[in-house]
Amino acid sequence: MSAVPDNVVYDSGALISLDDGRRRSPIDRHRRLLQLSHKILVPTVVAAQVVRRPEAQARLMRALRGCDLIPFTAQHHLPVGRLLADSGTADVGDAFVAVLAARTRAMVISTDPGDISHLLNCLGVKLPVLAI
Amino acid sequence: MTEKKSVLNVTVAESVAGAVRREAAIRNVTISSVVEAALAEQLKWYQIRADGLAAVEEEYREAGHPTAEAEADAAAWVEEASRQLSDALADEQPRTADVVDGAA
């Protein structure tokens, strides 16, 4: 166990997994992260990609209560846009996840580790991207 | 309107005190403002953590609590994730400093 709490960024796939009632391990891992005081960050644009009917997504809404929602602000459009150009990709949510992870030196929890790893590589940053 | 300030007498490690003084000098702000911002950030995380754990408990009450084996699996997964992050940060290249500069 690390002495200092880690930063963790969830991408949209991680949130979808937390919302999936057929799988128990994502919520168990989410709880363990909180128990160890790790800081879970979720870009608001990523949450918006997943939230559809909050009244019917109790698991997701509960999971988000343990996360800090990070807004997309005026300081993000340039680095995110540059990253999309450098990576040849078009997903603003994924690019914001990568920029946020780089800035906070966080691990990324994702269902598509390859996509996020490609973006982190384009930033010149080596951070773990783990499948939840 | 600016909120009225209150005085707290706190004791911190010399290394922390030095870091606070350096940060205040770099940002050209008072030591109090650095300490207040750090405390506010930490208190925010305490609240998020408590609310998040309460929310998980609500979920478990509806869907059932995890088995001891499932809890052990989750603990092992998080431990491995932290190890990978620790290794990655230890191997950080200088260029990372350019990317990570600035707040989220």
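A residue counts as buried if 20 or more other C-beta atoms lie within 10 Å of its own, exposed if 12 or fewer, and partly exposed in between, with C-beta atoms placed from the backbone. With that in hand, look at strand S4 (residues 107-110) of chain A: both of its faces are covered, with Met107(A) and Ile109(A) buried on one side and Val108(A) and Ser110(A) buried on the other. This is a predicted model, in which local features need pLDDT of at least 70 and side-chain atom pairs count only at pLDDT 80 or more, while totals for chains, interfaces and linings use all residues. Residues are numbered from 1 along each chain as its sequence is written, and chains are lettered from A and ligands numbered from 1 in the order in which they are written.

**The sheet of chain A**

- Chain A holds an open sheet of 5 strands in the order S3-S2-S1-S4-S5, with parallel pairing; two strands pair if DSSP finds at least two bridges between them.
- Strand S3 (68-70) and strand S5 (129-131) of chain A are the edge strands, each pairing on one side only.
- From one strand to the next, the twist averages 30°.
- S4(A) runs parallel to S5(A), and 3 bridges join them.
- On the other pairing, strand S1 (residues 7-10) of chain A and S4(A) are parallel too, over 3 bridges.
- Ser110(A) stands opposite Ala131(A) in S5(A).
- In a regular strand the side chains alternate between the two faces of the sheet.

**Chain B on its own**

- Chain B has 4 helices and 0 strands; helices (H or I, at least four residues) and strands (E, at least two) are DSSP runs, numbered from the N terminus.
- Along the sequence, its pattern reads α-α-α-α.
- Of the 104 residues in chain B, 12% are buried.
- Helix H1 (residues 14-27) of chain B and H2(B) have axes that come within 8 Å and cross at roughly 110°; axes are lines fitted to C-alpha atoms, for helices over the stretch in contact, and angles run from 0 to 180 degrees between N-to-C directions.
- H1(B) and H2(B) are therefore roughly perpendicular to each other; angles under 35 degrees count as roughly parallel, over 145 as roughly antiparallel, 65 to 115 as roughly perpendicular and the rest as oblique.
- The crossing of H1(B) past H2(B) is right-handed; a crossing is left-handed if the near helix is turned anticlockwise from the far one by less than a right angle, and right-handed if clockwise.
- Val20(B), Arg21(B), Glu23(B) and Ala24(B) of H1(B) make this contact with Ile31(B), Val34(B) and Val35(B) of H2(B); two residues are in contact if their C-beta atoms, placed from the backbone, lie within 7 Å.
- By class, this contact has 5 nonpolar, no polar and 2 charged residues; Ala, Val, Leu, Ile, Met, Phe, Trp, Tyr, Cys and Pro count as nonpolar, Asp, Glu, Lys and Arg as charged, and the others, Gly among them, as polar.

**Where the two chains meet**

- In the interface, 34 residues of chain B are in contact with 36 residues of chain A.
- Helix H2 (31-63), helix H3 (68-90) and helix H4 (95-100) of chain B each give two or more residues to the side that touches chain A.
- H3(B) provides the largest share of that side, 15 residues.
- That side of chain B divides into 18 nonpolar, 7 polar and 9 charged residues.

**Helix H2 of chain A against chain B**

- The axes of helix H2 (residues 25-35) of chain A and H3(B) come within 9 Å and cross at roughly 60°, so the two helices are oblique to each other.
- H2(A) passes H3(B) in a right-handed crossing.
- Residues meeting here include Arg29(A) and Leu33(A) in H2(A), and Trp77(B) and Val78(B) in H3(B).
- The contact of H2(A) with H3(B) has 6 nonpolar, 1 polar and 5 charged residues.
- H2(A) also packs with H2(B), at an angle of about 150° and with axes 10 Å apart; these helices are therefore roughly antiparallel to each other.
- The crossing of H2(A) past H2(B) is left-handed.
- Ile27(A), His30(A), Arg31(A) and Leu34(A) of H2(A) contact Arg49(B), Gly52(B), Leu53(B), Val56(B) and Glu59(B) of H2(B).
- Here the classes are 4 nonpolar, 2 polar and 3 charged.
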